[in-house]
Amino acid sequence: MPLPIDYHTHPQAHSIKPYTPELLQPWADSARQRGLKEITFTDHDRYHEGVDFDQIEKLREANPDLKFLAGIELDNDPVSGKAGRLWVEKNWDRLDYVLGSAHYLPGDPEMFDQVTRKDEFAQRDLPTDCAHYVAELNGMLNRGGIDALSHLDLINIHGVWHPEGGLLPHFQALLERIKRENLAIEISTAGWRKPVNEQYPHVDIIRAAQKLGIPFTLASDAHSHAQLAEYYDRLTDLLKQLGIREIATYEKHRRKIISL
Ligand SMILES: [Zn+2]
Ligand SMILES: [Zn+2]
């Protein structure tokens, strides 16, 4: 049976495109084709103006065989982050799911995860960047209002960092905090289309999360309906290999664990 959920999707992709049936229905069609049962829309909070809860409701009515969740990917954007957070607070009860992520390093107005920055990152002090990155995620957790963290080791997107002892030592304390705060993390196929060419997060981090009992959601981070459930065959193999047989789903921020 195909994996049933995709919990990280961007109908608006990289600009404000208000939710309409024309924008959303292709996501339903594509989900159905790929055997998905639940899709969570998690546009970037900087495009929150385009999110329309009534349109999601209409999509639900038009596609009763599928489940659509209202979500947002809240990040640490130095410009829009505060307004995004206020919007999340205001709409908390209408949202099912809030993903937390960090795309910015302190003092840098550009997203670090742009693939055009690979050469620059190959020259940088990655342990320090990673420490700043983890501090940014901790800042998100301090502010609260998050159900799960996305692409946990995104800082390694460029695939240029191979620390001795692996990535896990840089993430262990964060994982322990995630467990204490009863949050989930996603296993994302998006890294397979990036230079790192690995799912997020690295298997060492997934294994440590398993040991701690942190629940997982599944995600493609699709920025087009064509990318929904992308690389899910590969993800299926990975889950089997790791012995992951249960995943987390959400409704109005309440987690339900389902068996695969
Ligand atoms: Zn992201
Ligand atoms: Zn995303």
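This is a predicted model: local features need pLDDT of at least 70, side-chain atom pairs count only at pLDDT 80 or more; totals for chains, interfaces and linings use all residues.

As a general note, nonpolar side chains in soluble globular proteins tend to be buried together.

Setting aside neighbours within four places in sequence, Leu 218 is in contact with Leu 3, Ile 5, Asp 6, Tyr 7, Glu 186, Ile 187, Leu 235 and Ile 247.

## The chain as a whole

Eight helices and nine strands make up the secondary structure of the chain. Its radius of gyration is 17 Å, close to the 18 Å that the globule rule gives for 260 residues, so the chain is as compact as a globular protein of that length. Along the principal axes, the C-alpha atoms fill a box of roughly 50 × 40 × 35 Å.

Of the 260 residues, 40% count as buried. Among contacts with a separation of 6 or more, 82% come from residues 24 or more positions apart.

Helix H6 (residues 168–180) has 13 residues, which at 1.5 Å a residue should span 18 Å; the end C-alpha atoms are 18 Å apart, in agreement.

Which residues of H6 are buried? They are His 170, Phe 171, Leu 174, Leu 175 and Ile 178. The buried residues of H6 pack against helix H5 (126–143), strand S5 (148–149), strand S6 (184–188) and helix H7 (203–212). Just after H6, Asn 182 adopts a positive phi of about 60 degrees.

Conventions. Residues are numbered from 1 along each chain as its sequence is written. Chains are lettered from A and ligands numbered from 1 in the order in which they are written. Two residues are in contact if their C-beta atoms, placed from the backbone, lie within 7 Å. Helices (H or I, at least four residues) and strands (E, at least two) are DSSP runs, numbered from the N terminus. The radius of gyration is taken over C-alpha atoms; the globule rule is 2.2 Å times the number of residues to the power 0.38. A residue is buried if 20 or more other C-beta atoms lie within 10 Å of its own, exposed if 12 or fewer, and partly exposed in between; C-beta atoms are placed from the backbone. The expected span of a helix is 1.5 Å times one less than its number of residues.
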